[in-house]
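User: Can you walk me through this one? Keep it quick, please.

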Amino acid sequence: RRLPTWGPLHPSVGHLLALLVLLGGSARAARGHERGQGPPQPFELLSNRAVEASSAGDFEAAVRYLEQALSSRRRLRCRLECGARAPLGTARGGGGPAWELRFLRALLERARCAHRCEREDEGSRPVERHATAAARVLSRSAEDVRLAFQKRMPYSYLQQAYSQTNQMEKAAEAAYTFLMANPEHMAVPSHDENTETVTGAKLVDREAQLHLEHYRDAVEHYEADDFQLAIESFEQALKEYFVADRECRLLCEWSQSYGDHDKLAKTDGFYEVIAGLYSQRLICEHDCVRELATWPGQLSPIENFLPLHYDYLQFSYYQVGNYVKALECARAYLLFHPDDEDVQDNVKYYESALEESVDPQTIKPREDATIFMKRHKLESELIMSAVVNLGIPYTEQPHTDSDCASRALALCSGLAQQLSVPAGGPLLYSHVKFVYNSKQLNGTQRMLLDDVLSEEECRELRSMTSRIMLAGSGYQGEVSPLTPNEKFEGATILRALKFGYEGRVPLKSARLFYDVSEKARKIVQSYFMLNSTLYFSFTHLVCRTPLSGEPQNRDDLSHPIHADNCFLDSDTNECWKEFPLAARDYSAILYMNEDFEGGEFIFTGMDSQTVTASIKPKCGRMVSFSSGRENPHGVKAVTKGQRCAVALWFTLDPLYRELVRSPCDASQWSAAGLTCSPQAHLIESLNWENS
């Protein structure tokens, strides 16, 4: 059976190695999973306090708050005990008209217990506030903080704070933990295979996830045919998985910002409000299955992660001669994949091997898998009801059953397919394939699509580019306006129309350039569910080619990190707007080829260093996003070949629309040629554009 791809990336960390040299070759080994060490704290509040303290220069307080926040997010015993003391599921026992009151009593008891956890925790440590304007500006929402924790951003701040307080050993540990989840961080030098150990001391990832660690060990034992050790490691991985699942779900009730009254309709009554809040929590919990299957620093989860545990186990138990356990695990796997013919055959084999000693029908699927699947299916039904009947937005992916096994965890219930909305509005074209939404790209107002262009359309556009492009087009004639190591060439929609009108390129190629850009505009407007018309701001066909003699291990950027509608200042976390760029509202890049090396499109944080998502271009792929400071992005160095794409910027303000498109509406094209504008108008417009 095919084995999954697994294992974390190991970055090389220049400044981290320097820190370790200062330590004299010693690195503190401490695992971050500290369960059962006291009540948790609200980590969003502690994280905000840490940022405030750091901005005020109080690095000792910053260290204290950051460590408390990190520990608080992991140590959840108090609230886990609240769930055990006040289970909501038993409230209806006995039935009768008073069952709602019993449910309310259980709910109040759960709330009282949770409230006590926070009060005890708040009272156990001194409160320090830095009432400065900078501190107030840097205070962030719970959602922002939660995303920062997923990217391990607190460890970046922690490394700086420890360095400022001369705690270099702890600073090195924090830096390594951060970079394990951010292997493409812009400050990381080229790959070095010796990053896990320095002068004989092993570095420790403080946020290593136990269920993933055990899973990795188990697969190694399995591949080495050491099936007994594989069984032990897979069983431990499952045990840790369900512990992590409970903790992940607990964070949904603890950290989710449910008090946004602006999102509540004024006509909502008691039951609508309660149902809406509970549905939001349920959606958060439902997504834990994806989060727990994703290695730090990766966008996609391990394919078919949880079911694979049972698949590996059924074969491992078979290898050691334990057919009862093998049958249990095989039937557990079939709960996830009831149509898997290979495992169905295995079940028949185990049944035949056992029928003389035990009744095979008495051997049921494993209880942990049975409970999990019953809950998952019920959650899907409830979320579906909430979305349809209450209008609650939902963005579960993948969005088709056929994508299920290949893209995520093979736990699809058909819910997302029934909703038909991957993360926003419809994609309008049946052949366009959804890939990632904003959450999966670790940001906001982002999406990635495939098959917007066909292979034939890509070839036709590529054949036209060499005949219409100008070196440094759009950048005052500079051949290498963005990096001295590459040639930049571009062509506007106006130039393509002019060449098509004059017969210098096939008219259908010029029209294709026009049509695909309009297609992209319609998709962007629909997907992001814009209530007003989206206009073109600028349309640009661009190609990037490395200059001859340039090394292939370049670490510069083909296009430096920037935002599309403002000038990004990473030092101050500001983005200064100036018109006409400030009128841009949405951006899209439609790729035409993949036969080159390098050239990945990257999103970063506001620091212009932390890569939050990396996208490899290919024919027909399109990435789109809002144009503001929330989406800093750039292009990695193109080291071989030529990278070509259609760059599109859009505006909601008709005052700043791309004027050349106005007289050339697609409805005015004819099969015989351009009828939308006379040649004189095209030349006049070209002169205006160049000026």
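**Overall picture, then one arginine**

Analyst: Of the protein's 691 residues, 51% count as buried, meaning under 20% relative accessible area with a 1.4 Å probe, protein chains only. This is a predicted model: local features need pLDDT of at least 70, side-chain atom pairs count only at pLDDT 80 or more, and totals for chains, interfaces and linings use all residues. Numbering runs from 1 along each chain as its sequence is written, and side-chain values use heavy atoms, without hydrogens and water.

User: How many helices and strands are there?

Analyst: The protein has 23 helices and 18 strands. These are DSSP runs, numbered from the N terminus: helices are H or I with at least four residues, strands E with at least two.

User: OK, R331. Is it buried or exposed?

Analyst: R331 is buried, at 13% relative accessible area. It sits in helix 15, residues 323-336.

User: New topic. At what angle do helix 15 and helix 16 pack?

Analyst: About 150°, with the axes 9 Å apart; helix 16 covers residues 341-354. Axes are lines fitted to C-alpha atoms over the stretch in contact, and angles run from 0 to 180 degrees between N-to-C directions. So helix 15 is roughly antiparallel to helix 16, a label for angles over 145 degrees.

User: Which residues of helix 15 make that contact?

Analyst: R331 is one of them, and Y323 and L327 are among the others. On helix 16, the residues include V347 and E351.

Methods:
Buried < 20%, exposed > 50% of the residue type's maximum accessible area, 1.4 Å probe, protein only. Parallel < 35°, antiparallel > 145°, perpendicular 65-115°, else oblique. Contact = heavy atoms within 4.5 Å.
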